[in-house]
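Below are my notes on the model, as numbered points. Please read them alongside the sequence and the coordinates.

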Amino acid sequence: MDNNNKITTQVIETEVPMGTVHSAALEPYRLRLFVEDEIVRDAELTIGVNHRGIERIMEGLPVEKANSLTEKVCGICSNSHIWNSCLVAEKGLEIDVPPRAEYIRIIMEELERLHSHLLYLAHGSEVLGHETFSMRLFYIRETVMELLRMIGGNRVQYGASIIGGVRPRCELNEMRIQKIKEGMDYIEEKVLEFADRFIRDPMVMSRISGIGAITKADARRLATTGPTLRATGIEVDLRRDMEQYEPFEFDVITQDTGDVKANLLMRVLEIPESIKIIRQAIKDLPEGKITNRSWEMQDTGIIRSYIEVPRGKLYHSYKIEDGRLRNSIIRTPSITNINTMEFACIGTHITDAQLAVVQCDPCFTCTDRAIQIVDHPFRKNRII
């Protein structure tokens, strides 16, 4: 109140930092929330804690070795990275991949989508404070992890794809096929049970409905990708355009509200579609060899490849000189979605901000590869 007894107001902006290490975050990142009366008015999300510079390490390596290194980009979608990196070489060197190898690659990719979506749901339940749901989902996910270990010999980095096909250890015999069939039956039953319980829980629904909502227009403006884009009602799935998925029938799932609820339901409903694809791949698995070794190394220009992975569109490109890799660039879905994560926080209560970020399924480990250097005297930016 001033000297004339008039009430004056002053907007107090408070910054609430979260991270780089926070109990609600699986990975290190810094989230700055600018809050007014407990409502988030602006948000800034920065990464850079876990920088590894994988593309720079790949420069000059033999192509096969560099492809194997791409698995280290991410522990959740390691198969997606090595598959796409092999696709770049196969496209540039004009290598035909045997049909049986293509089907095994699809099975691996959809298994990876299952475990990624189940991890997302488990982590989301944890952020919601529902430990029982979280542990229940981690338990269901174990079946997928064991199937991946059975095929690739490892639960995280399976090394399935090589240039021209898949490794001999990933061949599917009758025993393995039967195990995959049983695993799909179990996961489908348990996920549907979970979905029914999840949707009927009024406490959970009230906590996630209308939180962090993104409209179609905002999603297009922010270049949102993957299930987070489809949760706004936009039916875009790159698998529809990939020749590897042409033999398979599946539905592209969408939701309308673009909020936390829509994003969670997106992943739940995409799980049966992945199971549908895996069942078709097993049923129609072609006979024949799984690797084409009849190709010669040669120099190429810049080759590019896009595929749909659990979080959205994944881009790999490089060129080959003397059998070695040059000019490697990898763009993951999470770096594309960072703007969406910041935008989703705005307008939410501060207690919902972390939930608004998590709804976009961030993976900062696979994003944290490039750093920006600013030369202050000359104000020049450089990405390395």
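**Notes on the predicted model**

1. Arg220 sits in helix α8, residues 216–221; helices (H or I, at least four residues) and strands (E, at least two) are DSSP runs, numbered from the N terminus. Arg220 counts as exposed because its relative accessibility is 56%. The terms are buried for under 20% relative accessible area, exposed for over 50% and partly exposed in between, with a 1.4 Å probe and protein chains only.

2. Residues are numbered from 1 along each chain as its sequence is written, and side-chain values use heavy atoms, with hydrogens and water left out.

3. The largest nonpolar core has 86 residues, and Leu111, Ile180, Met184 and Ile208 have the most contacts inside it. Such a core is a set of buried Ala, Val, Leu, Ile, Met, Phe, Trp, Tyr and Cys residues joined through side-chain atoms within 4.5 Å. Helix α4 (residues 99–128) supplies the largest share of this core, 15 residues. A second, separate core has 22 residues, including Leu31, Val35, Ala219 and Ile338.

4. Leaving aside residues up to four places away in sequence, Leu111 touches Val144, Leu147, Leu148, Ile151, Met184 and Ile278. Contact here means heavy atoms within 4.5 Å.

5. Strands β6, β7 and β8 make an open, antiparallel sheet of 3 strands in the order β6-β7-β8; two strands pair if DSSP finds at least two bridges between them. β6 (303–309) and β8 (324–331) are the edge strands, each with a single partner, so one side of each has no neighbour in the sheet. Strand β7 (residues 312–321) pairs with β8 over 6 bridges and with β6 over 7 bridges. Of the 10 residues of β7, 7 are buried, so this strand is largely enclosed by the rest of the structure.

6. Which residues stand opposite His316? Its bridge partner on one side is Ser305, and on the other Ile330 in β8. A hairpin of 2 residues joins β6 to β7. β7 and β8 also form a hairpin with 2 residues between them, where Asp322 in the turn has a positive phi of about 55 degrees. Glu321 stands opposite Arg324 in β8.

7. The whole structure holds 7 aromatic pairs. Rings of Phe, Tyr and Trp (its six-membered ring) pair if their centres lie within 6.5 Å; planes under 30 degrees apart count as stacked, over 60 as edge-to-face and the rest as tilted. Phe133 and Phe198 form a tilted pair, at 5.8 Å centre to centre and 45 degrees between the planes. Phe133 lies in helix α5 (residues 131–152) and Phe198 in helix α6 (residues 174–199), so the pair ties together parts 65 residues apart in sequence. Both residues, Phe133 and Phe198, are buried.

8. Tyr245 and Phe248 form an edge-to-face pair, because their planes are at 70 degrees, with ring centres 6.5 Å apart. Tyr245 is buried at 2% relative accessibility, and Phe248 is buried at 5%. Ring pairs link Tyr103, Tyr245, Phe248 and Phe250 into a cluster.

9. The count of disulfides is 0, a disulfide being a pair of cysteine sulfur atoms within 2.5 Å. For Cys345, the nearest cysteine sulfur is that of Cys360, 8.2 Å away. Cys345 is buried at 0% relative accessibility, and Cys363 is buried at 1%.

Key
This is a predicted model: local features need pLDDT of at least 70, side-chain atom pairs count only at pLDDT 80 or more; totals for chains, interfaces and linings use all residues.
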